[in-house]
Amino acid sequence: MQNILQYYSSDSDDNENTKPANDKNETKLPLSKNLLRLEKTEEPSTKNVEKHQGRIRTFPHERGIWASYVFIDYNDIDAINDLQQLLVDQVSNDSSLELNRVDNLHLSLTKTFILRHHNIPTFVDNVKSELHSIKRFTILLSDLAVYCNEEHTRTFLAIKIHPNSCGPLENLVEKLDHCMRLYKLPEFYTDRSFHVSILWALGDQRKKLSERLEDLQRSFASFYEEEYCDMNVNVRQIHCKCGNKYYEFDLL
């Protein structure tokens, strides 16, 4: 069973520290005329904590500032949905620990950062340029782990990515970090732990969840053995969310 990880800034929270990373030698790539697929959805109100799954904003709301991040989508994997329900049911008899499904299943490739509206087109084009030569790859899963965000407002049960699958992810992060430097945005964590958060609880519940982790891990291992093929993702696209805008980047 893997060690419990203490803290991380949940990219589900729209609340990353956006202290800039300085790199004066970088220059912006030219804006491409190629169109990217764009979808819009309603941006949730930050006033309703329950609607937001306990998320809080750690930077002030300001017109023209968009919370953004780059990720791999895990929403269309039915087996993970079934796993979520299995693990929720397993702890349902514990009145002191309430686990909830993570609605937006994803694997983060950047921290959550703030981007000004007028910078979105060039930023998206920079990302597209960096990823244009990346080939498709498969992600294997490993074990369950516990994470808590830096504000101690939410605790997460997550599936860690198998070390054999981290090479392509590290390559993606390096290319995306280059884009971040162009805009003096925060680069990804140095001590990386690639994972997909699947369940959450309000507050700092690391102690309670760690007490159940061994049993939950056994359930996960048994489930993963049966659903191995369905739960391993063949990554064909990288996604970017900027406020209420979604962009997709096809891999080779």
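Rings of Phe, Tyr and Trp, the last taken by its six-membered ring, pair if their centres lie within 6.5 Å. With that criterion, select Phe 113, Phe 123 and Tyr 183 in this predicted model: these residues form one aromatic cluster.

Next, select Tyr 69 and Phe 71. A search of the whole structure finds seven aromatic pairs. The ring centres of Tyr 69 and Phe 71 are 4.9 Å apart and their planes meet at 40°, so this pair is tilted. Tyr 69 counts as buried, at 3% relative accessibility, and Phe 71 is buried with a relative accessible area of 3%.

Proceed to helix H2, residues 120-131. Colour the buried residues of H2, among them Ile 120, Phe 123, Val 127 and Leu 131. The buried residues of this helix pack against strands S2 (65-73), S5 (113-116), S11 (237-242) and S12 (245-250), and against helix H3 (166-182).

Then select helix H4, residues 206-226. Its 21 residues reach 28 Å from the first C-alpha to the last, close to the 30 Å expected. Centre the view on Leu 213, where H4 bends by about 50°. Leu 213 is also one of the buried residues of H4, which include Leu 209, Leu 216, Phe 220 and Phe 223. Partners of the buried residues of H4 are helices H1 (78-90) and H5 (228-231) and strands S7 (141-148) and S8 (154-161).

Finish with two charges over rings. The charged end of Arg 154 lies over the ring of Trp 200, 5.3 Å from its centre. For Lys 245, the charged end sits over the ring of Trp 66, 5.3 Å from its centre.

Methods. Residues numbered from 1 in each chain as written. Predicted model: local features only at pLDDT ≥ 70, side-chain atom pairs only at ≥ 80, totals over all residues. Heavy atoms only, no water. Buried < 20%, exposed > 50% of the residue type's maximum accessible area, 1.4 Å probe, protein only. Helix = DSSP H or I, 4+ residues; strand = E, 2+ residues; numbered from the N terminus. Contact = heavy atoms within 4.5 Å. Expected span 1.5 Å × (residues − 1). Bend = angle between axes of the 7 residues up to and from the residue. Phe/Tyr/Trp six-rings, centres within 6.5 Å; stacked < 30°, edge-to-face > 60°. Lys NZ or Arg CZ within 6 Å of the ring centre and 35° of its normal.
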